[in-house]
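Reader: I would be grateful for a close look at the aromatic pairs of this structure, taken one part at a time.

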Amino acid sequence: VNMLCVCLDSDESYEGLSEASFKDAKGFDCSTQKNNGSVRHENGIKKHRSSLPAPMFSRNTVSVWSILKKCIGLELSKITMPIVFNEPLSFLQRISEYMEHTYLINRACSLSNSLERMQAVAAFAVSAVASQWDRTGKPFNPLLGETYELVREDQGFRLISEQVSHHPPVSAFHAESLSGDFIFHGSIYPKLKFWGKSVEAEPKGTITLELLKHNEAYTWSNPYCCVHNIILGKLWIEQYGTVEIVNHRTGEKCVLNFKPCGMFGKELHKVEGYIQNRNKKKLRAIYGKWTECMWSVDPQAYEDHKKSEKKGDNKTKKNGEPEKTENDEADDMPEVLETVSVVPGSTLLWRIESRPAHSAMMYNFTNFAVSLNELEPGMESILAPTDCRFRPDIRAMENGNIDEASRQKERLEEKQRAARKERAKRDEEWRTRWFQKGTNPYTNSEEWIYTGGYFDRNYQNLPDIY
C-alpha cells in the first residue's frame with residue numbers, strides 16, 4: 001500500500017514555488033537526455049517493459065501474526081517485517097505513480113473554464129490513488145538521501161523525489177511539465193495505526209498542483225487507506241475519508257467523500273461529492289469508484305437519482321437482509337457489486353486502464369508500475385548514484401533472488417545506522433540536496449520545496465548510501 005506499510009521496518013522506517021522549480025529548466029532539451037538510454041519506437045516514443053524479470057514469491061508460508069504477537073505494545077514503526085511482504089519498488093517510486101494519469105493535468109491546462117478545470121483536477125486526484133487497488137505489498141522504505149527521477153516524454157513531465165528526513169519519515173517530490181504548463185509537488189509523511197485486524201494509514205502532507213498559464217493553485221490531501229486481514233484471511237484494501245480540493249484563485253472547492261465499505265459492502269470503493277463556488281453553491285456533482293471511473297453531472301439530477309435509488313433500497317430491506325455481527329475472525333472482503341450506476345446526462349471524467357493479464361503474479365502492478373524500476377543501457381551514466389534503481393535489495397527482489405534481497409536490505413540498514421552514528425559523533429546535521437524546508441504559500445503549512453538544479457546532472461558530493 002502506497003503509504004500504509006511504509007513505516008513497518010525498524011531502523012529503515014523513516015525518520016515562490018513556480019520560480020524555484022524552473023531554476024534548472026532553462027536549456028532542457030529532451031533529445032540530449034537520450035531518453036534515459038531507452039529504446040524508441042519508430043514514432044519516437046519510449047518503449048517500456050511490460051513485465052518484471054521474475055514472478056512474485058508466495059506469502060502463504062509466512063505468518064504475520066507470528067511476528068506481530070511479539071510486538072504488542074510497541075510502536076508499529078518498530079516492527080520488522082520479512083522481505084517477502086515487500087514489493088520491488090521504493091516508496092519514492094510509489095509516489096511517482098501519482099503521475100500515471102498525467103493526461104488529466106494536461107487536459108486541465110487546456111481548458112478555459114475554471115469549473116471544467118476543477119473537474120479534471122478532481123479526476124486526477126482520484127486517479128492518483130487508484131493504483132493502490134489490490135496492492136497489498138509493502139514498498140521498500142527509502143534510505144535517507146535516496147532519490148528517484150522519472151522522465152516521461154510521452155506524457156510530457158519529469159519528476160524528482162528525495163527522502164529528506166528519517167525521523168520522522170518524509171518523502172518530498174516535485175514534478176513539472178516539459179512544456180512549462182504545470183508544477184505538481186508535495187511532502188508525504190504517513191502516520192500508521194494498528195487496529196488488531198487491520199492497519200490504517202492517516203494521510204499527512206499537502207499536495208499542490210499549479211496550473212501556471214491559468215495562475216491557479218489547487219491543494220488537497222489524500223484519503224485514509226486501510227489494509228484488512230493482516231493477521232488472518234485474504235488481504236484487501238479500502239480508502240475512505242474526505243478529500244477537499246481548493247482552487248486558491250477562484251475559491252471553488254471540490255469536496256469528495258471516499259466512502260468506507262459499510263455494513264454490507266454496498267459503498268465499497270465509492271466516491272462522491274460536489275464542486276461548489278466560494279458561496280458554497282453546488283455547481284457539479286462528482287461520483288464514481290476510485291477503482292473504476294469518475295463522472296460529473298448536474299447536482300439536482302444526481303440528487304434525484306440518489307432518491308430513486310434509496311426507494312429501491314428500502315423495498316429490498318422490507319424483504320429482510322441478514323444481520324452482520326462483529327467477530328474475531330477475518331473481515332471478509334465485501335463482494336464487489338455492480339459497476340457505477342451512471343446518471344443520465346453525465347460526463348465521463350476518467351476511466352481506469354486495464355492491468356496486465358499477468359498482474360497478479362507481479363504484485364498487482366499496473367503497466368505504469370512495471371516500468372518504474374527499469375534500468376536500461378545508458379541510464380547508469382545519466383542517473384544520480386542515489387537513484388533507487390541502483391538499490392541492490394530492490395533489484396535482487398525484482399530478479400527473483402529473495403535471499404540476496406534480504407541480505408542486501410540488512411546491509412543497507414546497517415550502513416545507514418553507521419552513517420547516522422558517525423554524524424552524531426561529529427555533531428553534524430544531515431543536509432538535503434534537492435529540497436529545503438519552507439512554507440507552502442497557499443496553505444501556510446510546512447513543506448519541503450524543490451530548490452532546482454537536479455537536471456543539471458551535477459552529482460558530485462552525493463552521499464554513498466548503497
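Is Phe-435 buried or exposed, and what is its relative accessible area?

Author: The model is predicted. In it, Phe-435 has a relative accessible area of 2%; because the limit for a buried residue is under 20%, Phe-435 counts as buried. Tyr-450 is likewise buried, at 3% relative accessibility.

The aromatic pairs of the chain number 14. Among them is the edge-to-face pair of Tyr-98 and Phe-173, with 5.7 Å between the centres and 70° between the planes. Tyr-98 belongs to the loop between α3 (91-96) and α4, while Phe-173 belongs to strand β5 (residues 170-177), so this pair ties together parts that lie 75 residues apart in sequence. Both Tyr-98 and Phe-173 are buried.

Phe-435 and Tyr-450 also form an aromatic pair, a tilted one, with 5.6 Å from centre to centre and 55° between the planes. Here strand β18 (residues 435-439) contributes Phe-435 and strand β19 (residues 446-450) contributes Tyr-450, and the two residues are 15 apart.

Tyr-98 and Phe-173 also belong to a cluster linked by ring pairs, together with Phe-124, Phe-184 and Trp-220.

Charged side chains meet rings as well. Arg-158 lies over the face of Phe-455, 4.2 Å from the ring centre, and Lys-282 lies over the face of Tyr-274 at 4.0 Å from the ring centre.

As for the chain as a whole, 55% of its 466 residues count as buried, and its secondary structure comprises 9 helices and 19 strands.

Methods:
Residues numbered from 1 in each chain as written. Predicted model: local features only at pLDDT ≥ 70, side-chain atom pairs only at ≥ 80, totals over all residues. Heavy atoms only, no water. Helix = DSSP H or I, 4+ residues; strand = E, 2+ residues; numbered from the N terminus. Buried < 20%, exposed > 50% of the residue type's maximum accessible area, 1.4 Å probe, protein only. Phe/Tyr/Trp six-rings, centres within 6.5 Å; stacked < 30°, edge-to-face > 60°. Lys NZ or Arg CZ within 6 Å of the ring centre and 35° of its normal.
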